[in-house]
Amino acid sequence: MGFTSVPSEIRLKEWISRYSDDVLRTCFVLLSDQSLAEDAMQDTFTKAWKNMSQFEGRENASPKTWLMRIAVNTCKDTLRSSWMRHIDRRQEIEALPLSIASCPEEKLALTQAIMALAPKHREIVLLYYYQDMSLRACAQVLGISAPTATRRLQQAQKKLRIQLEERG
């Protein structure tokens, strides 16, 4: 069954069912705010539905890669908005979701170190390790070349290693 034979509303419902948790997690890590992440997730699926014809025109396209690209761009747009520039985005440990705040100390230290990375490094770590995407898929989502994705991941790993060693 080809993509064009499935109505876009049905496909969207399938995507929401399959990918909404991944999109929400990605948006949360990028925005550090549950309510903004939920809004970004809704915007992501709205944009996907409105632009379904763009996806249908791509041969062998991965819905997850396409949705993640929309999600990352939606989060970037949110962070660039003039309203967001005037907000203190630092997170206290108590403000993190319970599942993150109540995890073992090593995992919490890693989560905090990832959240402290520059956005371009945080994005590649999130997509590669937490969304189990290949470097090629990460590059597609971020709109960068595969060598650039590889370099960013290596830089992020190095920065994380240094931060975690400093914390003991």
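Student: Leaving aside its neighbours within four places in sequence, which residues is Met 133 in contact with?

Tutor: This is a predicted model: local features need pLDDT of at least 70, side-chain atom pairs count only at pLDDT 80 or more, and totals for chains, interfaces and linings use all residues. Contact means heavy atoms within 4.5 Å. On that basis, the partners of Met 133 are Lys 64, Thr 65, Met 68, Leu 127, Tyr 128, Cys 138 and Val 141.

Student: Is Met 133 buried or exposed?

Tutor: Buried means under 20% relative accessible area, exposed means over 50%, and partly exposed lies in between, with a 1.4 Å probe and protein chains only. Met 133 has 6% relative accessibility, so the class is buried.

Student: How many Å apart in space are Met 133 and Thr 65?

Tutor: In sequence, Met 133 and Thr 65 are 68 residues apart. C-alpha to C-alpha, their separation in space is 8.1 Å.

Student: Asp 132 is in that loop too. What is its phi?

Tutor: Asp 132 is in the loop between H7 and H8. Asp 132 is exposed, because its relative accessible area is 68%. Asp 132 is not a glycine, yet its phi is positive, about 50°.

Student: Which residue with a positive phi follows H8?

Tutor: Start with H8 itself, whose buried residues are Ala 137, Cys 138, Ala 139, Val 141 and Leu 142. H4, H7 and helix H9 (146–167) are among the elements that cover them. After H8 comes a residue with phi near 70°, Gly 143.

Student: Ser 32 is not a glycine either. Is Ser 32 buried or exposed?

Tutor: Ser 32 is in the loop between H1 and H2. Its phi is positive, near 55°. Its relative accessible area is 11%, so Ser 32 is buried.

Student: What is the packing angle of H2 and H4?

Tutor: Two packed helices are described by the angle between their axes and the distance between the axes. Axes are lines fitted to C-alpha atoms, for helices over the stretch in contact, and angles run from 0 to 180 degrees between N-to-C directions. For helix H2 (residues 34–50) and helix H4 (residues 63–80), the axes are 9 Å apart and the angle is about 130°.

Student: Which orientation does that make for H2 and H4?

Tutor: Under 35 degrees is roughly parallel, over 145 roughly antiparallel, 65 to 115 roughly perpendicular, and the rest oblique. So H2 against H4 is oblique.

Student: How many residues of the contact of H2 with H4 are nonpolar?

Tutor: Leu 36, Ala 40, Asp 43, Thr 44, Phe 45, Lys 47 and Ala 48 of H2 meet Trp 66, Leu 67, Ile 70, Ala 71, Thr 74, Cys 75, Asp 77 and Thr 78 of H4. Ala, Val, Leu, Ile, Met, Phe, Trp, Tyr, Cys and Pro count as nonpolar, Asp, Glu, Lys and Arg as charged, and the others, Gly among them, as polar. The contact has 3 charged and 3 polar residues, and the nonpolar count is 9.

Student: How are H1 and H7 oriented to each other?

Tutor: The axes of helix H1 (residues 8–31) and H7 come within 10 Å and cross at roughly 160°. H1 and H7 are therefore roughly antiparallel.

Student: Which residues of H7 make the contact with H1?

Tutor: H1 contributes Thr 26, Val 29 and Leu 30. From H7 come Arg 122, Glu 123 and Leu 126.

Student: How many disulfides are there?

Tutor: A disulfide is a pair of cysteine sulfur atoms within 2.5 Å. By this rule the count is 0.

Student: What percentage of the chain counts as buried?

Tutor: The chain has 9 helices and 0 strands. Of its 168 residues, the buried share is 42%.

Key:
Residues numbered from 1 in each chain as written. Heavy atoms only, no water. Helix = DSSP H or I, 4+ residues; strand = E, 2+ residues; numbered from the N terminus.
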